[in-house]
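Subject: Structure for you to look at

Hello,

Here is the structure I said I would pass on. Please open it first and keep it beside you while you read the notes below.

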Amino acid sequence: MDFPHLFAPLDLGHVTLSNRILMGSMHTGLEDRAADYDKLAAYFAERARGGVGLMVTGGIAPSIEGWLKPFSGRLTLPWHKPRHRKLTGAVHAEGGRICMQILHAGRYGYQPLSVAPSRIKSPISPFTPRALSAGGVERTIRDFVHCAQLAREAGYDGVEVMGSEGYLINQFIAARTNHRDDAWGGDAARRMRFPVEIVRRTRAAVGRDFIIIYRLSMLDLVEGGQDWDEIVTLAKAIEAAGASIINTGIGWHEARVPTIVTSVPRAGFAWVTRKLKGEVSIPLVATNRINMPEVAERVLAEGDADMVSMARPLLADPAWANKAKAGCSEHINTCIACNQACLDHVFVNKRASCLVNPRACHETELKIEPAPHRKRIAVVGAGPAGMACAATLGERGHTVTLIDRASGIGGQFNYAKRIPGKEEFHETLRYYRHRLANAGVEVKLGVEAEAASLKAAGYDEVVVATGVLPRRVSFPGSDDPRVLGYLDVLARDRPVGGRVAVIGAGGIGFDVAEFLVEHQPSPTTDVARWASEWGVDTQLVQRSGLQSPQPEVPLRQVWLLQRSEGRPGARLNKTTGWVHRATLKAKRVTMLGKVTYERFDDRGLHLTVDGKSQILPVDTVVVCAGQEPDRRLAGELAAAGITAHLIGGADVAAELDAKRAIDQGTRLACQL
Ligand code: FAD
Ligand code: NAP
Ligand code: SF4
């Protein structure tokens, strides 16, 4: 057994979990409509089959006031139970266990009926909450208890009481949001009465043989949160009130410290849970950026926690636990913590999925089934689109040849993996190497595919996944050798001076700017360095775990430029863009919009910024001005009379990302 701690059973008294893996709560967007519960049941069943010890649903509201948004999922009435029974039935049929998360959004509710301990608007919702009366507080506690009773009747193995991330319970606990002077506010003891009463009365109502997980905010990361002594006191009171497990919550949603994005070090907050070890005797769960069995095993073996929680890693690979147990972690499709298809979707009311696994939350619709007719198929281009397509085709039984001119698979992922904080892209390449081999795909590297040779080989189908070509820019001096493209920097390691202008502030412009200012290896690989940069107090002396950030001195002086008006980076992804902007700000990168590029010469880059002339005294310019489809091979094939399928950047380069490339490659492969 490679991971003995991870696969040690956990005895909770009335029930024994088969391993230490908790699938953490993750909103998928399927919780909100009864009509979607069959899809949700298939999603959970697949993960139960994959061997996870215990799962937690996305947040379910205990009342309409507690809705995250209008008409979001709730369990408040007996006739809501049948839809939940679909989930519990499907999970139990696979031998799994599932708890339902009770989530009252409080002032985070994106809806007009929201309530809170005090009438204080949150920075992340446009609605000002109504302050609960003392009677309203009692009624809310009853709502939690009633919801837990209904969950038990619907067949759940337990509930998770969501007490962290800045939702209602957290709002009661923190002086920041609780300005009451009655029995539910004032000093720390009165502020924590609300969660303790919820757990105590829930335990009394559901009996001993029902799991109660309490998600406890151990590091608020916002001003006016708890100090460590208050957290320990609360944890002890929650245990005494009858919780079975304490799960870790890190950071409120309004915190300005990243907690789950890819640049957060792996297991970067396990030290917080460890600090609570010994203070309570019920199992503790460590969370955040635990994505591979080696990391999870280390957390448990070093005694940081009794269980590990992973949410997104089980979106990425439902069979994560079984693969780890079989000692095949190299086959795990690793969550790269990009948020692009999960959290970013949820924020725009779109169903969640996963960049590296487009089947996630689409299990009933996107099926990889044996092909009715086996064909010989060539896929040209081993970037994300081509890899996903070739692997899926092979798994369906086709005879597949994947061709790339490069010496390795991965296409642009080979450049992405060099960006500080994007090291996880290495894992995707490792995963595809194994998946392609397993699927029996013949991989031909270092081979330039040409129409003539493809025609001569007589394939039944040809898929063109040749990707993109960087867009060139033209202004006087743009042909100077000191004006580089992003591939010169990331692929060819051309020398770059100490003062650099980056033309183009899209995803690649931001990435290249980070590459240029950050020291290698990046802080992502070192928890202490990373925490110091972001102002996280790992000694937990400071209230909320916040201290003054100490950014490292940037390696270079960088200007990041765009022609369009507005804030550079405004179009970056919702849940990660702010991290990139904050990183570059801390590294003193100057960001300019409304720029016209006039010329480059020995004095630097001449610009007009909002109509005014300016010279940036730079010695290097790096162009990151977007991309065009590479359709050269597609054109040759068309001329040779071969109809090819175009996917990824070769199809449409505008707004292309790996999510679209992998999704399109997978979907095409399911149809051929
Ligand atoms: P590509 O990845 O461009 O692959 C095309 C492949 O085709 C190449 O390997 C090429 O060698 C091969 N090829 C072309 N013509 C031939 C031929 N005639 N014969 C043989 N082989 C050929 N996307 C995200 O979603 N999230 C990110 O965080 C992210 N970060 C990025 C960071 C950087 C620095 C870069 C450069 C890109 C990033 N991207 C990111 C974009 C993402 O990598 C691309 O959207 C994706 O790689 C496109 O996939 P593709 O398969 O269409 O093409
Ligand atoms: P992009 O997002 O389209 O950005 C291109 C930038 O170049 C824009 O800032 C654009 O802004 C500028 N530009 C366009 N044409 C120009 C021209 N002729 N002259 C000068 N500037 C020009 O493209 P990208 O940065 O190359 O990224 C490619 C894709 O990879 C993106 O679609 C992105 O989704 C994906 N990606 C994603 C991530 C991620 O973290 N999710 C990271 C990297 C890449 P102006 O026109 O205003 O100057
Ligand atoms: Fe992980 Fe990205 Fe998939 Fe979300 S979309 S589960 S962050 S790999």
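Is Lys350 buried, partly exposed or exposed? Its relative accessible area is 45%, and buried would need under 20% while exposed would need over 50%, so Lys350 counts as partly exposed. Please keep in mind throughout that this is a predicted model.

Lys350 is part of the loop that runs between helix 12 (343-347) and strand 13 (376-380). Setting aside neighbours within four places in sequence, Lys350 has contacts with Thr28, His345 and Lys659. Arg298 is 52 residues apart from Lys350 along the chain, and 35 Å separates their C-alpha atoms.

Val356 is found in that loop between helix 12 and strand 13 too. Its relative accessibility is 4%, so Val356 counts as buried. Beyond the neighbours within four places in sequence, the contacts of Val356 are Ala316, Asn333, Thr334, Ile336, Thr428 and Ile662. From Val356 to Val380 there are 24 residues in sequence and 20 Å in space, C-alpha to C-alpha.

Asn339 is buried, because its relative accessibility is 2%. Its phi is positive, about 65°, although Asn339 is not a glycine. Most residues other than glycine have a negative phi.

Now the empty space. Rolling a probe the size of a water molecule over the atoms shows where such space is left. How many cavities of 30 Å³ or more does a search of the whole structure find? The search finds 4.

The space that ligand 3 takes is the second largest cavity, with a volume of about 80 Å³. Its lining has 13 residues, and nearest its centre lie Cys335, Cys338, Cys342, Cys354 and Leu355. By class, the lining has 10 nonpolar, 2 polar and 1 charged residues.

The largest cavity holds about 110 Å³ of space. Among the residues that line it are Ser263, Pro420, Glu514, Trp530 and Thr583. Helix 19 (residues 527-534) gives the largest share of this lining, 3 residues. By class, the lining of the largest cavity has 4 nonpolar, 4 polar and 3 charged residues.

Some backbone details remain. Between Gln520 and Pro521 the peptide bond is cis, with omega near -5°. Most peptide bonds are trans. Pro521 sits in the loop between helix 18 (507-517) and helix 19.

Asn288 also has a positive phi, about 75°, without being a glycine. Asn288 belongs to the loop between strand 11 (284-286) and helix 9 (293-301). With 9% relative accessibility, Asn288 counts as buried.

Last, is Thr88 buried or exposed? Thr88 is buried, because its relative accessibility is 3%. Thr88 lies in helix 2 (residues 81-93). Not counting residues up to four places away in sequence, Thr88 touches Ile98, Ala154, Gly155 and Tyr156.

Regards

Conventions:
Residues numbered from 1 in each chain as written. Chains lettered and ligands numbered in written order. Predicted model: local features only at pLDDT ≥ 70, side-chain atom pairs only at ≥ 80, totals over all residues. Heavy atoms only, no water. 1 Å grid on protein atoms, 1.4 Å probe; cavity = no way out; pocket = protein on both sides within 12 Å on 5 of 7 lines; lining within 4 Å. Sits in = over half its atoms within 2 Å of the grid points. Points joined across faces, edges and corners; volume = space filled by probe spheres on them. Helix = DSSP H or I, 4+ residues; strand = E, 2+ residues; numbered from the N terminus. Nonpolar A, V, L, I, M, F, W, Y, C, P; charged D, E, K, R; others polar. Buried < 20%, exposed > 50% of the residue type's maximum accessible area, 1.4 Å probe, protein only. Contact = heavy atoms within 4.5 Å.
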